[in-house]
Amino acid sequence: MKITGTFIDEISHDIPHQNWGREEWDRDFGYMKAVGIDTVIMIRSGYRRFITYPSAYLQQNFGCYEPPVDLVQMYLELAEKHGLKFYFGLYDSGHYWDTGNLQSEIDANRYVIDEVWKQYGHFKSFGGWYLSMEISRKTKGATEAFRTLGQQCKDVSGGLPTFISPWIDGKKAVMAATSQLSKEDAVSLRQHEEEWSEIFSGLHGSVDAVAFQDGHIDYHELEDFFAVNKKMADQFGLQCWTNAESFDRDMPIKFLPIKFEKLRLKLEAARKAGYDKAITFEFSHFMSPQSAYLQAGHLYNRYKEYLQSLR
Amino acid sequence: MKITGTFIDEISHDIPHQNWGREEWDRDFGYMKAVGIDTVIMIRSGYRRFITYPSAYLQQNFGCYEPPVDLVQMYLELAEKHGLKFYFGLYDSGHYWDTGNLQSEIDANRYVIDEVWKQYGHFKSFGGWYLSMEISRKTKGATEAFRTLGQQCKDVSGGLPTFISPWIDGKKAVMAATSQLSKEDAVSLRQHEEEWSEIFSGLHGSVDAVAFQDGHIDYHELEDFFAVNKKMADQFGLQCWTNAESFDRDMPIKFLPIKFEKLRLKLEAARKAGYDKAITFEFSHFMSPQSAYLQAGHLYNRYKEYLQSLR
Amino acid sequence: MKITGTFIDEISHDIPHQNWGREEWDRDFGYMKAVGIDTVIMIRSGYRRFITYPSAYLQQNFGCYEPPVDLVQMYLELAEKHGLKFYFGLYDSGHYWDTGNLQSEIDANRYVIDEVWKQYGHFKSFGGWYLSMEISRKTKGATEAFRTLGQQCKDVSGGLPTFISPWIDGKKAVMAATSQLSKEDAVSLRQHEEEWSEIFSGLHGSVDAVAFQDGHIDYHELEDFFAVNKKMADQFGLQCWTNAESFDRDMPIKFLPIKFEKLRLKLEAARKAGYDKAITFEFSHFMSPQSAYLQAGHLYNRYKEYLQSLR
């Protein structure tokens, strides 16, 4: 199973910034391309007051800071140069998921979608939309928001594809800013299927693919959960992608690059389940030869050897 | 706002050591100089049993270990070579702030100040003193200690300048050795002003500058707190510096280099408030091209671009 | 006190993986050799489902994953090439220490010992066995297991040496996956001696050396604990080694390389106590010039200077 897409973690919640400029990003897109990545997904266009492009709307209405660089334009230009597709991740005000004020979040993003498409829609590298709200079974009420925003993304852009990347509420679904590594009250396979079937049934064609994060369950649980995910995706007409996390959730340092053996187990499980595509969170910190975490460069080499062994 | 000073974090409480020798420090002082740094501040001369110079007094009276290198002498020599001013940070026995035994801490440092000036006062790079006790509003009783020690530093050295670097008791004022990132009971702007006015009024010319740490409040709070700090500093005849933290307090890994955009926000806020000088905690881990954290080298480059944009 | 052995931390509990291939390990064995290391100890041959060699037994009986590389063979070959002795660490199912099911753990390892010796015993670099269960005073019941397994290792291999590496239940004996750095209820020197004398008296020649981990007590406690350890080792006919931890237990990031000054204090204490040998946990992350933690390379240089100063 080859990784053909990666998130770009700007703005990040929990991964320290690498402080790269255009030169480093240009080089990184080249490293991605060299291992078969064809899609880059900007994980969110903003979080609370930090934003990735100089949005007049967000600065006026949410008190956002003027960004030092227009990252959206830069990524679109570099994607064009390297022949990659760029997916735009929606804005997250931070208030929505805290207070349940769904309508306000939807309204904000309706402006953002229009603003962004008007400003950047002409780039031929603009390839799709990422509905950036990371939900799990506890936020089922968000289905309606997904449907509304997904539909608007498609309408404004002539039907460009949309996707979501939720997490499985497994034993490793703990907050990054705690020292815990696992919890007791993990979801069962049956509950997972029931609850996500309900969510998927509410999407009605507004979302094209679902890429469950693969890091919250144990390695021997992958096969069962992946089979259920594929079954549900088929049933509701979604593409089934895997979001193969390339960082290690089992270590006290939160987070450094994953041990290759673990990544391989997860990719093999996705292959066996017949998944359509693998993307990763994320290449630039955890798999790049120029990452500040030097383990990432070695992971890149191990992954290249794995690709060769697949031929 | 240009950073013209940096702490040197020897002995450290919470930042893992880089194990540099003289060669690395020599090179680092060169990197500092190249971006306009003219002042290096050794954050403390010792903490509990670990010390930076072979103090007979501290070894005999506090059971301190003989240090493998005389860092004070090395820093003074390298500062002389590179044309930097060196500030000496006082000793912290660790007992004082734990038990409130102020007098013992004052007595220890009275010896240290004499010993150090006798041994190293002839270096023309010896430029000042740092009163290393990091206090906040909860340690108002320490004002007297600051005044006594600051006065002694000035008396013994012919009036060399002294400064303090307290923290604002904001939402991010949490212990490093917890997994928390923020707390609920942050100080209000009004309380901050009342309490620090009282502290500053007790210093009576024994302290020349105050460099509040800038990392414990949120970015949108900077403007208000900085305005109050400047007003108080003016009122009590202190220079108003900012201690611009170059590490990121918002991430689960405690601590890696800060995202440049955040550092820029803080420096800009200090500039707008009319601050006199910016120092950082600290260059060698978080901004140096040779830091073990490679993000630091990229931060150095981004900061250099920022300096060029100011011209 | 010269470090002449190092653990190899595969499979790791708490140190993120470096994703090295054969080339990096080959180079690392060279770096080890260059500073006088003659022994490499694979810390465990497996933990729960992850294993280091393609054991038919463990895959069938414990659901272990097939490893991507036969690390045991690779290490034995590289040890042979570089003239090092390789110690094999036993398998840890993870169930034993959790549930107290001693007999099952013993049985598993009886198979592993036979399997491994049959498959790899012909390597002349196969130098000994490491009884990988890390016990402390709270697992005194494990003495019998140590004796049984140690004896079997020796019987099957014509008497190759065996050792254990327990920890002292000192103030820094806290779990890696918590944010704590120390605890209150540390063991006293007297209790330590009583309890370990009892354990050692039960080993009856099945274990040749004990290498207490040196990182759980404070630096000024080293002398007293080391003296007791040496006395007990002499009394019960064990070689007394020190396991000099080269990572720093005093920092919020768990774990990065130790400050050289601290390592030196620990090695000097072992020398003064007349210890027989020093090994470290572990070279490749914390002391290697090619470690992903660049502080490690500087520690390597500081350690080399220390070796030269001993001549």
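Chain A and chain B bury about 2,200 Å² between them, 62% of it from carbon and sulfur atoms; buried area here is the accessible area, found with a 1.4 Å probe, that two parts lose on being put together, summed over both. In chain A, N19(A), F50(A) and Y65(A) lose the most area to chain B, and together these residues make up 28% of what that side buries. The contact (heavy atoms within 4.5 Å) draws 30 residues from chain A and 23 residues from chain B.

The model is predicted, so local features need pLDDT of at least 70 and side-chain atom pairs count only at pLDDT 80 or more, while totals for chains, interfaces and linings use all residues. Residues are numbered from 1 along each chain as its sequence is written, chains are lettered from A and ligands numbered from 1 in the order in which they are written, and side-chain values use heavy atoms, with hydrogens and water left out.

Turning to symmetry, chain A is superposed on chain B by a rotation of 120° with 0.0 Å of shift along its axis (RMSD 0.0 Å), by least squares on the C-alpha atoms of residues with pLDDT of at least 70 in both. That is the relation of a three-fold axis. The copies use different surfaces, as 10% of the contact residues of chain A recur in chain B. Of the residues of chain A, S179(A) comes closest to the rotation axis, at 3.4 Å (C-alpha).

Inside, the structure holds eleven cavities of 30 Å³ or more. A cavity is a set of points on a 1 Å grid over the protein atoms alone where a 1.4 Å probe fits but cannot get out, and its lining residues have an atom within 4 Å of a point. The largest cavity has a volume of about 270 Å³ and is lined by 21 residues, with P252(A), S179(B), P252(B), S179(C) and P252(C) nearest its centre. Its lining has twelve nonpolar, six polar and three charged residues. The second largest cavity, of about 180 Å³, has 15 lining residues, of which Y293(A), L256(B), Y293(B), L256(C) and Y293(C) lie nearest its centre. Here the lining has twelve nonpolar, three polar and no charged residues.

In chain C, I217(C) sits in the loop between β9 (209-213) and α8 (222-235). I217(C) is buried (under 20% relative accessible area), at 3%. Leaving aside neighbours within four places in sequence, I217(C) is in contact with I168(C), G170(C), K172(C), L222(C) and F225(C).

Notes: Helices (H or I, at least four residues) and strands (E, at least two) are DSSP runs, numbered from the N terminus. Buried means under 20% relative accessible area, exposed over 50%, partly exposed in between (1.4 Å probe, protein chains only). On a 1 Å grid over the protein atoms alone, a cavity is a set of points where a 1.4 Å probe fits but cannot get out, and a pocket is an open set with protein on both sides within 12 Å along at least five of seven lines; lining residues have an atom within 4 Å of a point. Grid points are joined across faces, edges and corners, and a volume is the space filled by probe spheres set on the points. Ala, Val, Leu, Ile, Met, Phe, Trp, Tyr, Cys and Pro count as nonpolar, Asp, Glu, Lys and Arg as charged, and the others, Gly among them, as polar.
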